[in-house]
Amino acid sequence: MTRTGAPRGRPRGFDRDAALAQATRLFWERGYEATSIGELTEALGIRPASLYAAFGDKRSLFREVVETYGRSPLGAFMGAALAEEPTAYGAFARILREAARSYPDPAHPAGCLVISAATNVTRQDDAIQGYLRDRRNANLAAFTDRLRAAQRAGELPADVDPQALAGYFGAVIQGMSQRARDGADAAELAAVAELALDAWPGGRRAPSGDGRTWHTRRPVVGIADDRTQRDNR
């Protein structure tokens with residue numbers, strides 16, 4: 001006779017999406033290493049045997065959490081900006097400003113899951129550390145590719161190093177994530193984002209009247225404007 005219903009070891013009414021959401025919150029709040037199997041089973045409302053039956057093990061569950069996060073609006077906003085914005089400046093401005101709004105949002109744990117979950121991982125879990133590092137480096141590679149394309153299109157000066165500029169924006173974004181973890185609010189992170197955009201080679205870029213060409217504009221951040229005024233006195 002063929003068995004029907006939920007797989008063995010999984011409780012009736014098991015909601016995989018809800019379980020992943022609970023696991024995501026735990027890993028995001030505490031990091032991979034500090035989240036125990038006992039805490040996961042308690043949060044998911046299942047026994048250890050059921051967790052293993054549903055997800056394999058803690059590492060497999062974490063990988064599924066990260067993959068699911070990466071497809072969500074919170075995890076996919078960088079790739080969406082790179083793909084959708086017509087200019088590299090527009091893409092990075094959107095990324096930084098969305099990070100400033102998203103990272104301190106109280107609707108979820110602060111910061112970025114992929115950045116914060118890797119802290120204090122022990123040597124026995126080097127594979128997890130490497131997995132998250134590879135994902136972050138993939139983001140940097142995407143940044144570099146977008147900036148190289150911008151350089152070929154004439155949006156960036158020829159003497160700019162796209163890889164170094166990508167690393168700069170990557171470092172700013174990781175720092176914004178950590179500042180959010182430390183309690184920074186959206187206003188502080190928005191100021192950081194605008195100051196980071198002041199470093200755009202050749203100055204900030206704004207669309208001209210025809211919407212097809214671009215011209216340089218002065219920084220709009222109050223901190224930067226005050227500094228400029230002081231320097232000109």
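This is a short chat about a predicted model.

User: What is the mean pLDDT of the protein?
Analyst: The mean pLDDT (the predictor's confidence in each residue, from 0 to 100) is 85, and 81% of residues reach 70 or more. Local features need pLDDT of at least 70, side-chain atom pairs count only at 80 or more, and totals for chains, interfaces and linings use all residues. Residues are numbered from 1 along each chain as its sequence is written, and side-chain values use heavy atoms, without hydrogens and water.

User: Switching to helix 10. How many residues does it have?
Analyst: Helix 10 has 12, residues 186-197. Helices are DSSP runs of H or I, at least four residues, numbered from the N terminus.

User: Which of its residues are buried?
Analyst: Leu 189, Ala 193, Glu 194, Ala 196 and Leu 197. Buried means under 20% relative accessible area, with a 1.4 Å probe and protein chains only. Seen down the axis of helix 10, they fall within an arc of 160° (taken from the directions from the axis to the C-beta atoms), so they line one face.

User: What caps the N-terminal end?
Analyst: Asp 185 does, with a side-chain oxygen 3.3 Å from the backbone nitrogen of Ala 187.

User: And Ser 177, buried or exposed?
Analyst: Ser 177 is buried, because its relative accessibility is 1%. Ser 177 sits in helix 9, residues 162-181.

User: What is Ser 177 in contact with?
Analyst: Tyr 103, Gly 111, Cys 112 and Ile 115, leaving aside neighbours within four places in sequence.

Definitions and conventions:
Helix = DSSP H or I, 4+ residues; strand = E, 2+ residues; numbered from the N terminus. Expected span 1.5 Å × (residues − 1). Buried < 20%, exposed > 50% of the residue type's maximum accessible area, 1.4 Å probe, protein only. Polar contact = N/O pair within 3.5 Å; in protein donor to acceptor, adjacent residues only side chain to side chain. Contact = heavy atoms within 4.5 Å.
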